[in-house]
Protein chains: 2
Amino acid sequence: MLYDLTVVQFSKMLQNLSAILDKAEAFAETKKIDPAVLLSSRLAPDQFNLTRQVQIACDTAKLAVARLAGKAESAPKHEDDETTLAELQVRIQSVVDYLSGFTPEDFAAAETQTITQPRWKEKYLTGRDFALQHAVPNIYFHVTTAYAILRHNGVEIGKKDYLGSLPYKS
Amino acid sequence: MLYDLTVVQFSKMLQNLSAILDKAEAFAETKKIDPAVLLSSRLAPDQFNLTRQVQIACDTAKLAVARLAGKAESAPKHEDDETTLAELQVRIQSVVDYLSGFTPEDFAAAETQTITQPRWKEKYLTGRDFALQHAVPNIYFHVTTAYAILRHNGVEIGKKDYLGSLPYKS
């Protein structure tokens with residue numbers, strides 16, 4: 001379950017975010033707005049801007065999956081130096097590619113994995129608590145905030161862009 | 001796992017949302033702002049306002065849990081007539097109370113449950129797909145959007161208010 005909750009669903013959300021950024025790019029083109037205006041936009045003066053929201057969504061996905069699989073060192077490094085939508089798209093794709101290398105078998109011990117972060121000092125979370133209470137809320141937070149920043153700037157996006165397609169049966 | 005992912009975590013997020021609304025109330029009082037200004041605030045003209053975001057977060061939680069447990073009819077009814085922060089707090093609490101009545105045993109068949117909604121017509125999702133791809137992304141979407149509306153209005157809240165406390169071990 002943790003594999004589907006993180007690897008599969010995080011990959012889907014990053015692809016939804018990519019499609020949302022495509023709409024932002026088309027919007028900027030149509031309105032003759034410099035995309036940098038959107039990338040530096042934020043909803044409060046002390047909030048991270050759109051670029052940073054996308055970067056953090058990517059990091060949340062790659063680091064959560066890497067840590068849950070016990071392969072923290074395998075995560076691709078990113079320098080946080082993206083300045084264009086195209087560069088953010090490359091970053092998103094690199095994380096989607098990275099996630100695609102994981103299998104459910106890699107998550108055999110994920111629930112009981114000990115997850116630490118430098119700023120937690122000596123403390124840790126179990127893989128299960130980390131996934132449910134930290135990684136999942138965080139990725140949706142940053143994707144939704146990126147979406148909200150674009151919505152606030154007039155980009156025509158809706159809940160369907162955020163959720164992506166659903167596997168309806170009949 | 002679906003029980004923890006929905007019942008436990010949705011209840012936690014609603015309580016975090018309640019604490020965020022408490023901060024909004026204190027902010028309005030200090031700044032001598034009518035709380036109704038915050039409640040009717042939104043980030044785009046065609047976006048649901050704060051009141052509606054809170055109502056939908058509540059409905060997402062109660063209906064997802066009710067459906068996954070095969071007890072759709074047991075969910076408490078709400079008239080969407082809240083006009084104050086205090087009334088929204090009552091609504092949140094009523095859903096938290098409702099969720100507290102569920103046990104892991106109620107979720108024994110949740111993954112294979114057939115989930116339908118009137119607007120999906122004849123189509124359905126399995127309980128597993130519904131939880132992972134619909135209910136979970138949706139509740140975080142509406143809690144984050146409520147948070148973003150308040151952040152945009154100057155309420156001093158941060159990621160910790162959104163995530164709530166984490167069960168660190170040492």
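Analyst: Helices are DSSP runs of H or I with at least four residues, strands are runs of E with at least two, and both are numbered from the N terminus. By that rule, T51(B) belongs to helix α3 of chain B, residues 50-68. This is a predicted model, in which local features need pLDDT of at least 70 and side-chain atom pairs count only at pLDDT 80 or more, while totals for chains, interfaces and linings use all residues. Residues are numbered from 1 along each chain as its sequence is written, chains are lettered from A and ligands numbered from 1 in the order written, and side-chain values use heavy atoms, without hydrogens and water.

T51(B) has a relative accessible area of 12%, so T51(B) is buried (under 20%; exposed is over 50%, partly exposed in between, with a 1.4 Å probe and protein chains only). Leaving out residues up to four places away in sequence, T51(B) touches L39(B), E82(B) and L88(B) (a contact means heavy atoms within 4.5 Å).

Now the rings. Over all chains, the structure holds 15 aromatic pairs (ring centres of Phe, Tyr or Trp, the last by its six-membered ring, within 6.5 Å; planes under 30 degrees apart are stacked, over 60 edge-to-face, the rest tilted). One of them joins F141(A) and Y147(B) edge-to-face, with 5.2 Å from centre to centre and 75° between the planes. This pair crosses between chains: F141(A) is in helix α5 (residues 127-152) of chain A, and Y147(B) is in helix α5 (residues 127-152) of chain B. Both F141(A) and Y147(B) are buried.

Another pair is Y168(A) with W120(B): the centres are 5.2 Å apart and the planes stand at 65°, so this pair is edge-to-face. It also crosses between chains, from the segment after α6 (159-163) of chain A, where Y168(A) sits, to the loop between β1 and β2 of chain B, which holds W120(B). Y168(A) is partly exposed because its relative accessibility is 30%. W120(B) has 5%, so W120(B) is buried.

Rings also group. W120(A), F130(A) and Y168(B) make up one aromatic cluster. Over the face of Y168(B) lies K123(A), 4.6 Å from the ring centre (NZ of Lys or CZ of Arg within 6 Å of the ring centre and within 35 degrees of the ring normal). Within chain B, the charged end of R52(B) is placed over the ring of F48(B), at 5.6 Å from its centre.

The backbone deserves a look too. Most residues other than glycine have a negative phi. K121(B) is not a glycine, yet its phi is positive, near 55°. K121(B) lies in the loop between β1 (114-115) and β2 (125-126) of chain B. Its relative accessibility is 69%, so K121(B) is exposed. In chain A, D80(A) has a positive phi of about 55° and is not a glycine either. D80(A) is in the loop between α3 (50-68) and α4 (85-99) of chain A. D80(A) counts as partly exposed because its relative accessibility is 35%.

Chain A has six helices and two strands. From the N terminus they run α-α-α-α-β-β-α-α. Of its 170 residues, 54% are buried. Of the contacts in chain A with a separation of 6 or more, 70% join residues 24 or more positions apart. Along the principal axes, its C-alpha atoms fill a box of roughly 50 × 50 × 25 Å.
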